[in-house]
Amino acid sequence: MTSSDQPAILGGQPLFEKAQHLVRPILPFLSDMMHGIADLYSSRMLTNQGVFVQRLERRIEKELGVKHCALFCNGTTAIMCLAKALGLKGDVLVPSFTFAATAQALQWIGLSPRFVDIDRETLTMDPDEIEAAITERTSAIFPVNVFGKFSEHDRIYGISKKNGLPLIYDSAQSFGTRYKGRAAGSLGDAEVLSFHATKVFHTFEGGAVVTNDKQLYERLCKVRNFGFEGYLNCVEPGINGKMCEFPALIGLCLIDQLPSQIIKRKSLSENYISILKDISGIHLPIENKDVEVNYAYFYVVIDSEKFGMSNIELYYALMAENIVTRCYFYPPVHRTAYYKRIFAGKLPDLPQTDWAATHVLCLPLHTEMEINDLATIKHGITRCQQNAEQIKETLKGKVPSDWDALVNSTFVDPHDLYILSKQKK
Ligand code: T4K
């Protein structure tokens, strides 16, 4: 073996000198920001539905073709406030293959996430499973549009109407996606967006609820503002969920870049597909003709038998190369320690979710990447594959061997080990 074939985890040189991040947020031009900051300095109106927040709300409504947009300080708070404003009770149907915030936000306000299995191809909630999971306790259907995809809306919408249940989407990752030509955000009774720094369009931190329902929007505005109506008069149990002016200004300076960002991400994703398609044991995302994705993430499916190691093992080995990937969403939410406690050993049976969590790996994708970076990442993947047996041996005891080991072990995230520990404090 030449030294250039030696994976970093086995003692070779890392392929990237600095971390090649999973995500790299774009930044607004400083000159654009300075105009807005000058306005903030002169007005000193920094929050409480200031002009930038209102302007961004109207801009998002136009962008998505929805009647109402309420901005929030983040997507998680937006979910909590939406559930409150809808007056949800009992169970809400959600996938477990999602970022923990989807379920945690519901749990936080006393609702019970009822986990529903996903479809293997779309990685979103399976309509048949939704139908089978509805009970008298169900108060809403809350599918998650992961990785910039969109759920099987037509079928799920039919199920929601047949059962008289609100259909709300967690579209945190799907701003800029279209389903049958309609913008994500405009399809559910209401949809939640996240504008966290890791999103295709972001405001550093931020979120929104978009809806065509005027009454719901008016309630949402009260819930996010301490429940006030009129002069300091609480008419609802409210919270402080407002977005302030600075992130709204960032959003206004970035939103016009969304189309060009999506085009660049699409081109990088296509390049990934062309260079990865012949690697044995790597399967590429399946296109859905109904959905134009926003290319929020580029993921592959690792068949451990054919590839030689699992998604988690490859995640670990690539981190040593300074290539930051993510096994979103491993562990799936229902397998985390908290939910294991809640279910008291009687975990829901979600085979497709378990399968996705143990197979999916998101690779770095951001618009500062060059084609050469993709080629280097491919090199990293193949040299790990060529040394799979040795890597597996090295990782014994470092990666959890099964779900129980995950919860009981002291698994040290290699991101902390290889990347965070080297960042300047
Ligand atoms: N629903 C869904 C389906 C969601 O995906 C999310 C959030 C929510 C609800 C809740 O929305 P928010 O309340 O967050 O608005 C990140 C984000 O923190 C989270 O917003 C996001 N989903 C989730 C999928 O990803 P981590 O912990 O996996 O990301 P982190 O900090 O490890 O960063 C990932 C990569 O990005 C690294 O390579 C570093 C790089 N990075 C990250 C940040 C924050 C940067 O280069 N710059 C940055 O500023 O959670």
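Predicted model: local features only at pLDDT ≥ 70, side-chain atom pairs only at ≥ 80, totals over all residues.
**Exercise 1. The faces of β1**

*Solution.* Step 1: sort the residues by side. Step 2: apply the criterion, under which a residue is buried if 20 or more other C-beta atoms lie within 10 Å of its own. β1 runs over residues 68-72, and five of its five residues are buried.

**Exercise 2. The partner of β1**

State in which sense β1 and β9 pair, and over how many bridges. Then find which residue of β9 stands opposite C69.

*Solution.* Step 1: β9 covers residues 207-211, and its pairing with β1 is antiparallel, with five bridges. Step 2: the residue of β9 opposite C69 is V210.

**Exercise 3. The packing of α7**

List the buried residues of α7 and name the elements they pack against.

*Solution.* Step 1: in α7 (residues 214-223), the buried positions are L216, R219, L220, C221 and V223. Step 2: consider the helix geometry. Residues three or four places apart point the same way, because an α-helix has 3.6 residues a turn. Step 3: identify the neighbours. The buried residues of α7 pack against the strands β1, β8 (190-194) and β9, and against α3.

**Exercise 4. The ligand shell**

Describe the residues that surround the ligand and explain where the ligand lies relative to the two domains.

*Solution.* Step 1: count the shell. The ligand is surrounded by 23 residues, and G75, T76, A172, S194 and H196 are the closest. Step 2: classify them. The shell holds 11 polar, nine nonpolar and three charged residues. Step 3: locate the contributing helices. At least two shell residues come from each of α3 (75-86) and α4 (101-108). Step 4: assign domains. The ligand lies between domain 1 (3-22 + 257-422) and domain 2 (30-256), because both give residues to its shell.

**Exercise 5. The contact between the domains**

Find how many residues of domain 1 are in contact with domain 2, and which element gives the most to that side of domain 1.

*Solution.* Step 1: the C-alpha centres of the two domains are 28 Å apart. Step 2: the contact involves 28 residues of domain 1 and 33 residues of domain 2. Step 3: on the domain 1 side, α9 (258-276), β13 (291-292) and α13 (351-357) each supply at least two residues. α13 gives the most, with six. Step 4: by class, this side of domain 1 has 18 nonpolar, eight polar and two charged residues.

Terms used. Residues numbered from 1 in each chain as written. Buried ≥ 20, exposed ≤ 12 C-beta atoms within 10 Å, placed from the backbone. Helix = DSSP H or I, 4+ residues; strand = E, 2+ residues; numbered from the N terminus. Pairing = 2+ DSSP bridges. Near = placed C-beta within 6 Å. Nonpolar A, V, L, I, M, F, W, Y, C, P; charged D, E, K, R; others polar. Domains from an automatic or database assignment. Contact = placed C-beta atoms within 7 Å.
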